[in-house]
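Hello,

Here is the structure we spoke about, with notes on what was found in it. Please read the notes with the model open.

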Amino acid sequence: MSDEGESAPKKERKPPTKKVPIPEQPPNVRIRNFDEVALGYSAEQALAEAEKCMQCRNPKCISGCPVEVPIKDFINLIREHKFMEAAAKIKETNSLPAICGRVCPQESQCEVSCIYGIRNEPIAIGRLERFVADYARVKGETLPKLPPKIGKKVAIIGSGPAGLTCAGDLINLGYDVTIFEAFHKPGGVLIYGIPEFRLPKEIVTAEVDFLKRLGVEIKYNSVIGKIRTIHELMNEDGYKAVFIGSGAGAPNFMPIKGMSLTTVFSANEFLTRVNLMKGYKFPEYDTPVKIGKKVAVIGGGNVAMDAARTSLRLGASEVNIIYRRSREELPARAEEVHHAEEEGVQFNFLVNPTEVLGDEAGNVIGMQCIRMDLGEPDESGRRRPVPIKNSEFVMDLDTVIVAIGNSPNPIIPHTTPGLDVSRWGTIVINEETGMTSIPGVFAGGDIVTGAATVISAMGQGKNAARGIHAYLSG
Amino acid sequence: MPRSPLAGFSRCIPMYEIVFKQVLNPVTKMLVVRAPDIAKVCKPGQFVMIRVNETGERIPLTIGDFDRKKGEITIVFQEVGKTTKLLGSLEKGDYILDFIGPLGRPSETEKKYGTVVAIGGGCGSAIVYPVARAFKEAGNYLITINGARTMDLLLYRKQMEKISDEFYETTDDGSCGVHGFVTTVLSELIQSNRQIDLVFAVGPAPMMKFVSKTTEAKKIPTIVSLNSIMVDGTGMCGACRVTVGGQMKFACVDGPEFDGHQVDFNELLGRLNAYKTYEAESDKRWASQAGGASK
């Protein structure tokens with residue numbers, strides 16, 4: 001298994017290699033179902049991909065990972081056919097590998113700094129992570145040996161990526177961990193937001209179940225700030241520290257006319273009806289989801305792609321992404337955009353809605369938009385879209401889904417005196433420790449950063465777990 | 001793709017037991033549910049979200065009453081569709097799968113306003129009752145107007161009468177009390193130049209709309225409790241958005257109570273009707289499958 005490339009550098013250079021392709025459901029089939037699009041590597045495919053890894057002495061990939069996965073080591077274990085050990089190696093730092101392997105933007109994190117990737121396509125770290133996580137889950141993972149209990153209770157608010165990561169790290173350190181979840185199922189955005197075809201709910205459930213087997217307790221139907229406050233958790237219920245990972249809960253709407261029409265939906269509502277409440281199985285499940293024939297999704301992020309692709313699967317005949325900047329600025333992952341295009345989603349760049357038009361009953365009948373041009377860069381570094389005068393036009397539509405981001409949910413800030421929040425309503429933390437303005441209360445994920453990615457929330461959950469451990473050890 | 005052996009993982013949730021059931025009239029039922037953590041902290045005017053079973057939808061129900069010592073919450077609901085019929089088919093000893101709360105902002109009942117007119121329409125009377133009682137206890141002069149389509153549907157008649165300084169009943173068909181709507185009595189009170197400091201109304205959206213219209217000319221402060229469609233009930237989905245004073249509000253976190261003069265009722269009515277065809281389909285399916293007898 002020696003790497004010939006390294007031992008014979010003078011030899012004529014081989015042409016650049018590509019990643020071993022991942023099998024996928026063909027687009028014309030998958031738009032008729034909610035099954036997962038990517039099907040995952042076989043053992044042979046994983047071995048072939050892992051074989052290319054150069055096992056760099058000073059690997060760069062790991063520093064690109066917010067949760068510090070020992071990438072070089074786990075890939076080496078795959079090369080040695082030790083798939084179970086590889087999975088256990090990842091779980092030393094990442095509680096949710098089957099999820100990360102599916103939804104992380106590896107192209108801008110670990111894989112972007114892959115040294116092999118300088119000349120070739122980088123090693124498919126995400127696909128390999130997914131392979132070993134799936135392999136271990138099916139085989140049945142054994143629990144790692146945990147240190148003796150410290151005897152201190154920590155409360156985690158929210159069972160999304162930040163909360164689960166924080167919980168996983170703390171239980172591995174010997175704390176007693178209780179997660180308070182507002183919904184009836186664990187996973188936060190992994191359950192209500194990301195669709196089944198991108199992240200099967202069974203995977204989320206299994207990852208959470210592993211944490212439960214480690215001893216993490218989850219209390220469902222518990223809206224902290226309503227049924228119990230953070231001060232009560234600490235002063236009456238005996239929790240020594242609290243981590244707030246409640247997410248960016250409140251959907252943003254555009255300040256234009258027609259936003260309250262009955263067939264305008266926030267992406268949150270639309271996706272929650274479909275994913276958490278299984279609206280795509282109505283009437284077997286009681287929650288309906290209303291979808292028309294001609295749909296516009298406003299926004300260009302991953303959530304917009306999810307909403308657009310979900311609309312197609314529910315039977316919409318025409319789905320448009322409406323994005324005010326150009327293709328280059330799309331915040332969604334390239335892979336999601338690619339999948340959406342393959343499935344027939346139409347992209348309307350440099351277009352901004354100015355009014356949603358409705359009939360007497362409140363149904364959408366169209367949307368007036370204006371064309372945009374890119375001007376000078378704004379504070380985000382992206383070129384600012386500016387409207388082109390007299391370029392208004394009307395799109396013929398019956399459904400509008402608004403996916404332009406979320407604002408922080410106000411319930412916890414409103415019920416927690418002394419908790420510092422920014423002018424946007426996000427919770428202010430010490431970047432290093434993750435601690436808020438209240439001693440012993442930590443926060444991370446979208447409630448701190450505003451809407452961001454699963455993995456950045458996980459990184460913050462990990463950082464806060466470290467902060468909590470330092471705080472409670474001090 | 002590989003199927004996980006852990007697929008059927010268990011939920012460690014305390015289920016919510018029904019400890020008492022009363023049929024208030026042919027279409028309205030009262031359930032007393034054991035939910036001690038909610039009962040400990042809830043206040044009048046707040047609501048719970050419930051999901052009856054695994055395939056169920058989440059619906060908001062305003063808390064009718066609560067008993068902190070016993071750890072119990074009372075809900076009263078009219079059977080209008082599949083979910084409320086399913087809920088109504090449960091008996092004492094049965095369980096509700098999910099019961100989440102207390103949500104929304106509480107009513108402001110501790111204040112002394114002077115003369116308060118509390119108006120309940122249909123099932124809304126059950127929600128108005130504890131709030132009206134609190135108004136009375138805060139030292140207000142309490143006038144209640146209890147309305148329904150017909151006499152059989154009038155709720156909480158004795159209880160309401162007992163706590164009220166003045167008590168009126170109205171029925172659309174004249175089978176009991178004043179022949180007309182709650183607004184018939186309200187208009188008369190206003191026209192007779194009675195001092196009214198606050199009107200509090202809960203009932204079907206059209207009733208709340210007309211109550212608000214009735215009090216608008218004399219600018220009598222009017223509070224209504226909205227029954228918007230919700231999915232999560234915690235500010236996350238925006239399904240319950242409603243225009244209040246020209247601004248978008250979420251009934252679940254900013255309400256459910258709002259200044260009736262500021263609410264865009266036409267928009268609310270449109271949004272309430274958004275799922276009518278789906279509701280009818282579910283209802284039909286329920287009737288044919290179970291005849292209302294399954295659980």
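Which residue stands opposite Ile244(A) in β16(A)? Ala443(A) stands opposite Ile244(A) there.

Before the rest, the conventions. This is a predicted model, in which local features need pLDDT of at least 70 and side-chain atom pairs count only at pLDDT 80 or more, while totals for chains, interfaces and linings use all residues. Residues are numbered from 1 along each chain as its sequence is written, chains are lettered from A and ligands numbered from 1 in the order in which they are written, and side-chain values use heavy atoms, with hydrogens and water left out. Helices (H or I, at least four residues) and strands (E, at least two) are DSSP runs, numbered from the N terminus. Two strands pair if DSSP finds at least two bridges between them.

Strand β4 of chain A

Buried means under 20% relative accessible area, exposed means over 50%, and partly exposed lies in between (1.4 Å probe, protein chains only). Strand β1(A), residues 153–157, runs parallel to β4(A) and is joined to it by 5 bridges. Within that pairing, Ile156(A) has Phe243(A) as its bridge partner. Strand β16(A), residues 441–443, also runs parallel to β4(A), with 3 bridges between them.

The five-stranded sheet of chain A

An open sheet of 5 strands in chain A has the order β6-β14-β7-β8-β9, with parallel pairing. Its edges are β6 (264–266) and β9, each with a single partner strand, so one side of each has no neighbour in the sheet. Direction ignored, neighbouring strands of this sheet are turned by 25° against each other on average. Axes here are lines fitted to C-alpha atoms, for helices over the stretch in contact, and angles run from 0 to 180 degrees between N-to-C directions. Strands β7(A), residues 294–298, and β14(A), residues 399–402, pair in the parallel sense over 4 bridges. Val297(A) has Ile401(A) of β14(A) as its bridge partner.

Helix α13(A) lies across β7, β8 (318–322), β9 and β14 of chain A, at about 170° to β8(A). Contact means heavy atoms within 4.5 Å.

Helices α12 and α13 of chain A

The axes of α12(A) (residues 267–274) and α13(A) (residues 302–314) come within 10 Å and cross at roughly 50°. The two helices are therefore oblique to each other; angles under 35 degrees count as roughly parallel, over 145 as roughly antiparallel, 65 to 115 as roughly perpendicular and the rest as oblique. On the α12(A) side, the contact is made by Ala267(A), Phe270(A), Leu271(A) and Val274(A). On the α13(A) side are Val303(A), Asp306(A), Ala307(A), Thr310(A), Ser311(A) and Leu314(A).

Loops of chain A

Asn221(A) has a positive phi, near 55°, and is not a glycine. Asn221(A) sits in the loop between β3 (217–219) and α11 (230–235) of chain A, and at 2% relative accessibility it counts as buried. Leu350(A) is also not a glycine and has a positive phi of about 55°. The loop between β9 (346–348) and β10 (351–358) of chain A holds Leu350(A), which is partly exposed at a relative accessible area of 23%.

Arg13(A) lies in the loop between α1 (4–7) and α2 (27–30) of chain A and is exposed, with a relative accessible area of 61%. From C-alpha to C-alpha, Arg13(A) and Val29(A) are 40 Å apart in space and 16 residues apart in sequence.

Chain B

Chain B has an open sheet of 7 strands, ordered β6-β1-β2-β5-β4-β3-β7, with antiparallel pairing. Strands β6 (95–96) and β7 (98–103) of chain B are at the edges with a single partner strand each, so one side of each lacks a neighbour in the sheet. Strand β3(B), residues 47–51, pairs with β7(B) in the antiparallel sense over 4 bridges, and Ile50(B) has Phe99(B) in β7(B) as its bridge partner. Helix α3(B), residues 124–137, lies across β4 (59–67) and β5 (72–78) of chain B and runs at about 40° to β4(B).

Two peptide bonds in chain B are worth a look. The bond from Gly101(B) to Pro102(B) is cis, with omega near -5°, and Pro102(B) is in strand β7 of chain B. The bond from Gly255(B) to Pro256(B) is cis, with omega near 10°, and Pro256(B) is in the loop between α7 (251–254) and β16 (257–259) of chain B.

Regards
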